[in-house]
Amino acid sequence: MWIHLSNESKEPFYKQLKDQIKQQIIAGSLTGDKELPSIRTLAKNIHTSVITVKRAYSELEQEGFIYTRAGKGTFVKSTEKSILQEKAEQQFVEEAKQLLLRGKSLGLNSDEMVTIIQRIKEEEND
């Protein structure tokens, strides 16, 4: 599991951590029943507080991505591919909404944003 927390991000550390773990689960690089590092171990490895990791784990558990067994550890929840795909789509929709709001705040209209996205897509295909 690779985690990078950025001091330059506007997002708090717990949210960066939560989002990165969630992304790795959705992408399949963290699979069902894989044990995650303990709160203390992860906090030490990524140079953050135990409270930060505890909050990220707690929110991931509330969202159904991980589970904790007392005395055993914290694990990735086994989830069907279709459910992971649905969660990935939900995450994409939320990020797209934020991107649209950002575009509007920059004075772009919907057609201009679609044109920009199409241009980027074409560049990716080259």
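**Entry 1. Contacts and overall form**

I began with contacts in the protein chain between residues at least 6 apart in sequence, and found that 50% of them join residues at least 24 apart. I note here that this is a predicted model.

I then listed the secondary structure: the protein chain has five helices and three strands. Along the sequence, I read the pattern as α-β-α-α-β-β-α-α. The radius of gyration is 17 Å, while the globule rule gives 14 Å for 126 residues, so I put the protein chain down as more spread out than a compact globule. For the C-alpha trace, I wrote down spans of about 55 × 35 × 30 Å along the principal axes.

Next I looked up the surface. The protein chain has an accessible surface of about 9200 Å², and carbon and sulfur atoms hold 51% of that. Of its 126 residues, 29% count as buried.

**Entry 2. The sheet**

In what order do the strands of the open sheet stand? I read the order as E1-E3-E2, with antiparallel pairing. Strand E1 (35–36) and E2 are the edge strands, since I found that each pairs on one side only.

I followed the pairing of strand E2 (residues 66–69) with strand E3 (residues 73–76): the two run antiparallel and are joined by four bridges. I looked across from tyrosine 67 and found phenylalanine 75 of E3 opposite. The hairpin of E2 and E3 has three residues between the strands, and in this hairpin I noted a positive phi, near 80 degrees, at glycine 71.

**Entry 3. Helix H1**

Helix H1 covers residues 13–27, which makes 15 residues. I checked its reach from first C-alpha to last: 21 Å, close to the 21 Å expected at 1.5 Å a residue.

I went through the helix for buried residues and found Tyr14, Gln16, Leu17, Lys18, Gln20, Ile21, Lys22, Gln24, Ile25 and Ile26. What covers the buried residues of H1? My list of the cover includes helix H2 (39–45), helix H3 (50–62), E2, E3 and H4. After H1 comes glycine 28, where I recorded a positive phi near 90 degrees.

**Entry 4. Glutamate 63**

I moved to the loop between H3 and E2, where glutamate 63 lies. Its relative accessible area is 32%, so I marked glutamate 63 as partly exposed.

With neighbours within four places in sequence left aside, I found glutamate 63 in contact with Lys18, Lys22 and Lys87. I looked at two of these lysines in turn. The side chains of glutamate 63 and lysine 18 are joined by a polar contact of 3.0 Å. Another polar contact, of 2.8 Å, runs from the side chain of glutamate 63 to that of lysine 22. I also took the C-alpha separation of glutamate 63 and lysine 22, which is 9.6 Å for residues 41 apart along the chain. Both lysine 18 and lysine 22 are on my list of buried residues in H1.

Leaving out neighbours within four places in sequence, I found glutamine 91 in contact with Lys22, Gln23 and Ile26. Lys22 also turned up among the contacts of glutamate 63.

For contrast I looked up glutamate 80, in the loop between E3 and H4. Glutamate 80 has a relative accessible area of 54%, and I wrote it down as exposed.

**Entry 5. Helix H5**

Last, I looked at helix H5, residues 110–125. H5 has 16 residues, and I noted a reach of 23 Å from its first C-alpha to its last, close to the 22 Å expected at 1.5 Å a residue. Which side chain reaches a backbone nitrogen at the start of H5? I found that a side-chain oxygen of asparagine 109 comes to within 3.0 Å of the backbone nitrogen of aspartate 111.

Conventions. Residues numbered from 1 in each chain as written. Predicted model: local features only at pLDDT ≥ 70, side-chain atom pairs only at ≥ 80, totals over all residues. Heavy atoms only, no water. Contact = heavy atoms within 4.5 Å. Expected span 1.5 Å × (residues − 1). Polar contact = N/O pair within 3.5 Å; in protein donor to acceptor, adjacent residues only side chain to side chain. Rg over C-alpha atoms; globule rule 2.2 N^0.38 Å. Buried < 20%, exposed > 50% of the residue type's maximum accessible area, 1.4 Å probe, protein only. Areas by Shrake-Rupley, 256 points an atom, 1.4 Å probe, with all protein chains shown as cover. Pairing = 2+ DSSP bridges.
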